[in-house]
Amino acid sequence: MKYLSEYRDPAIARALVREIRETATRPWALMEICGGQTHTIVRQGLDELLEGAVEMIHGPGCPVCVTPLEQIDRALHLASRPDVIFTSYGDMLRVPGSDCDLLQVRARGGQVRVVYSPLDALEIARRNPTKEVVFFAIGFETTAPANAMAVHQARVQGIPNFSVLVSHVTVPPAMHAILSAPDNRVQGFLAAGHVCAVMGLEEYGPIAARYRVPIVVTGFEPLDLLEGMLMVVRQLEAGEVRVENQYARAVPTAGNAAARRLVGEVFELADRKWRGIGAIPRSGLALRAEYAAYDAEARFGLGGIVTEEPAACRAGDVLRGRLRPNACPMFGTGCRPEHPLGAPMVSSEGACAAYFNAGRWRAAEPVTEGERAPLPVLATAGA
Amino acid sequence: MRDHLDLPANGALAVATPGERTAPDPYAAAGTRMAAGLSCAVPVPGGDRVTLGHGSGGKLSAALVRDRFLPHFADPTLAALGDAAVLPLGDAAGTTIAMTTDAFVVSPLEFPGGDIGTLAVHGTVNDLAMMGARPLWLTAAFVLEEGLELAVVERIAASMGAAARAAGVALVAGDTKVVERGKGDGMFVTTTGVGLVGDFRPAPHRATPGDVVIATGPIGRHGMTILSLRDGLGFEGELASDSAALWPLVEALRDATDGDVHALRDATRGGVASTVNEIAHASRVGIVLDEGAIPVPPAVAGACEMLGLDPLYVANEGVAIAFLPAARADAALAALRVHPLGRDACVIGRVVAEHPGMVVLRTPIGGTRVVDLLPGDQLPRIC
C-alpha cells in the first residue's frame with residue numbers, strides 16, 4: 001500500500017534492528033509516549049527483536065488508558081439519561097466504569113453511538129434538536145483541535161443541544177511527572193509524532209535539558225519507530241542530549257499554528273486526574289469560560305460523581321515504568337483483559353494488556369517473588 | 001511549564017462539517033459480521049442483557065451458546081459445535097447426512113457482490129461443505145418488515161434462486177412472516193440446509209501438527225464492503241463482497257489430496273483470526289500464521305488502516321481455511337488455483353505441537369504476537 005508499505009519494509013527493518021544492536025553497548029530503557037506507537041511495537045513484535053539492547057517502557061499515552069474512572073462513571077450516567085444521545089470514539093465503549101460500561105448502558109436502552117469525528121456528533125445534534133447530544137472529548141493534543149472545532153462550530157452554528165464531556169490531557173506534564181519521580185528508569189523518549197504535528201517541538205527542549213534525556217519525535221510505522229530508537233540510542237551512547245525529529249514528513253518544528261490557535265481559543269490548561277497516576281497540576285484542558293455553556297459537567301450537574309481508583313491496581317507504577325506489568329501480583333490472576341482492574345489491562349494499547357496478549361505464550365513461567373519488587377533504578381542518561 | 005495553549009483567538013478556520021455518519025458501529029451490525037484486532041478496551045462485559053457483542057463471533061458469542069443454550073439442548077452432536085451436524089441415518093448403506101441452519105441479518109440488504117438472499121444461500125451451503133457434505137436441499141424462512149418494497153423482495157428472491165441453482169441446491173420449503181414497521185431491519189432470512197456426506201470427513205478437531213494452513217482467497221472483502229456502505233466511506237468502487245458457494249473448491253481439494261484434508265472452516269463472522277482460533281482450540285494444537293503471506297487486497301488494507309481495524313478479524317463469505325498435511329500442500333494449491341475462487345489460494349501458516357489452543361502470528365519483520373479471539377466486536381481505535 002503506497003505511503004505505508006515503504007515504512008514497513010522487512011529488510012530495512014531488520015537492518016535497523018541490527019544497527020541498534022550494534023550501536024548499543026548496554027541495555028537502554030526508552031519510553032514511547034503514545035498508545036499508537038505501543039500498538040505498532042506490540043503488533044510487530046519490535047520489543048522482542050530488541051531484547052537485551054533496548055527495553056521499551058510503554059508510556060501513559062493511550063487516551064483510553066488514562067481517562068479516569070470518575071469521567072467514565074460520569075459518561076455512564078449521561079448515557080443512561082433518556083434525553084441524551086451519548087457519542088464517543090469507539091474504543092471507549094468497552095472501558096469499564098465502576099459497575100458497567102457504555103455497551104451495557106446501550107443494551108439497557110441508552111442511546112450510545114460511535115463516531116469517528118466530534119463533527120459527526122455535532123451533526124447528530126443538529127438533526128436531533130429535541131435530544132441532548134454529548135460527545136466524550138478525550139485524548140491528547142492530537143484530538144484536541146477537532147474537539148475544539150466541534151465546540152466552536154456549535155457556537156457559530158447556534159446548536160444549543162450539543163455539549164462535551166471533557167477529559168483532555170497533555171503530554172509534557174506527564175513527561176515531567178515520570179522524569180521527576182525518584183525511581184525513574186526512563187533514559188530516553190520517543191515523543192508522540194502526531195501530538196507534535198499539532199504542538200511542534202518547542203516544549204521538549206527544556207524537558208530534555210532539565211532531565212538530561214534525549215527526545216526523538218517519532219512516527220508510528222515500524223521503520224519510524226526503529227529509526228527513532230536508533231536516534232535515541234546514538235545520543236545515549238555519545239552522551240548527547242538533544243531533541244531530534246525523526247517524523248519530519250509530518251511534523252514541522254512549529255507544529256500546526258491554526259490548530260493550536262483554535263485549541264487555545266476553546267480550551268485552557270487545567271488540573272486533570274490521570275487514571276492510575278492521579279492528579280497532575282495543569283496537565284490537561286478544560287473549556288474556557290466563554291464556552292462553559294457547552295460543558296456537559298456543568299450542564300448536567302455531574303460534579304457530585306466522584307470515584308476513587310481500585311487500591312489493588314498498580315497501574316500508576318506500570319504507567320511510570322516502575323513496575324513491569326507481569327511483575328504485578330494481580331497480573332494474569334486478579335487482573336485479565338476479560339476482567340481488568342485498571343486501564344492498562346483494558347486497552348490493548350495499555351502496557352498490561354500488551355504484555356498479557358503478546359507475551360503470555362512465551363513467558364508462561366510463574367513470576368517469582370523477587371521479580372515483584374520494583375525494578376532497580378538506573379543512572380540518569382547522559383549524566 | 002509554559003501555557004503553551006494560551007494563544008490568540010481566531011475562529012475563522014474553514015473545516016467542512018461532514019454529513020451525519022456514525023462510525024462503523026459494529027454493535028449495530030450483527031449481520032455484517034465485523035470484528036477487530038488490537039483495538040482498545042477489551043474486557044468481556046459481565047452484564048445481564050444481550051449486547052450486540054454477543055453476535056460478534058468472539059468470546060461473548062461462544063459464552064452465550066455455551067452457557068445459555070447448550071445445557072438445555074444437551075445433545076452430543078450439537079455439543080461438537082461443527083459447522084454442520086453430521087448424522088448417520090443408521091441404514092444398511094451407511095447413509096450419512098449433514099444438516100445446518102443459519103440466520104442472516106445484514107444492512108444494507110443489497111451490496112456489491114451480493115445481497116441477503118445470496119448470503120443466505122452461500123452461508124448455509126458453505127457450512128455443509130466445510131463438513132465435507134455435498135449440499136443438496138435448502139429451506140428458507142423470511143421475516144419481512146412492514147413497508148419493505150415488494151420490488152426489493154422480488155429482486156432478492158430472484159438472486160437467491162439463481163444462487164441456489166448455481167450452487168446445485170434445491171430450495172424445497174419455506175415460510176414468510178411480516179412484522180410491524182420498526183420491528184425488523186427490512187428482511188431477516190433463515191436458511192436450513194441438508195447435504196450428503198461420503199468418506200471425506202474433515203472436522204474441526206482433526207488439525208494435526210505438521211499441517212499447513214491454507215487460505216483459499218484474499219480476505220476481508222465482505223466485511224469491509226458492508227462497513228464502507230454503512231458509513232458512506234466511499235471504498236465501494238474498489239470493494240465487493242466475496243460471497244460465494246465453496247463446494248466446488250472443497251471438491252477440488254478433496255480430489256487433489258485423496259481426501260486427506262483434516263479440517264475446513266469458512267472464515268465468516270470474526271474473520272480468519274477467529275476461525276483459526278476455533279480450530280486450534282478444537283484440535284488442541286498451536287497455529288503459527290505468517291503475516292506476510294496472508295492475502296489482503298489493497299482496498300481492504302487501506303480501509304482497515306483508515307478505520308483502525310484488523311483485516312484478520314473482518315468477515316469473509318467466500319473464503320475457506322483448510323488444514324492439511326504439508327506433503328499435500330502443493331497438490332492442494334495447484335487444484336485450488338485452477339478455480340476462479342481459489343486463484344489466490346496460498347499457505348498462510350502451519351500447525352505446531354507447541355502452545356496448544358493458541359494462535360501466534362509471525363510478522364514480516366520477524367517479531368511475533370498472539371492472535372486471540374476478541375471478546376466482542378472490533379471497535380475502531382482512537383489512536
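Two strands count as paired if DSSP finds at least two bridges between them, and helices (H or I, at least four residues) and strands (E, at least two) are DSSP runs, numbered from the N terminus. The model here is a predicted one, with local features needing pLDDT of at least 70 and side-chain atom pairs counting only at pLDDT 80 or more, while totals for chains, interfaces and linings use all residues. Residues are numbered from 1 along each chain as its sequence is written, chains are lettered from A and ligands numbered from 1 in the order in which they are written, and side-chain values use heavy atoms, leaving out hydrogens and water.

Chain B holds an open sheet of 5 strands, ordered E1-E2-E7-E5-E6, with mixed pairing. E1 (85–88) and E6 sit at its edges with a single partner strand each, so one side of each has no neighbour in the sheet.

Going through the pairs, E2(B) (residues 96–104) runs antiparallel to E7(B) over 9 bridges, and Thr100(B) has Gly193(B) as its bridge partner in E7(B).

E5(B), helix H4 (residues 150–167) of chain B and E6(B) make up a β-α-β unit, and a right-handed one (with the strands pointing away from the viewer, the path from the first strand over the helix to the second runs clockwise).

As for helix H1 of chain B, Phe73(B) lies in it and is exposed, at 51% relative accessible area (exposed means over 50%, buried under 20%, partly exposed in between; 1.4 Å probe, protein chains only).
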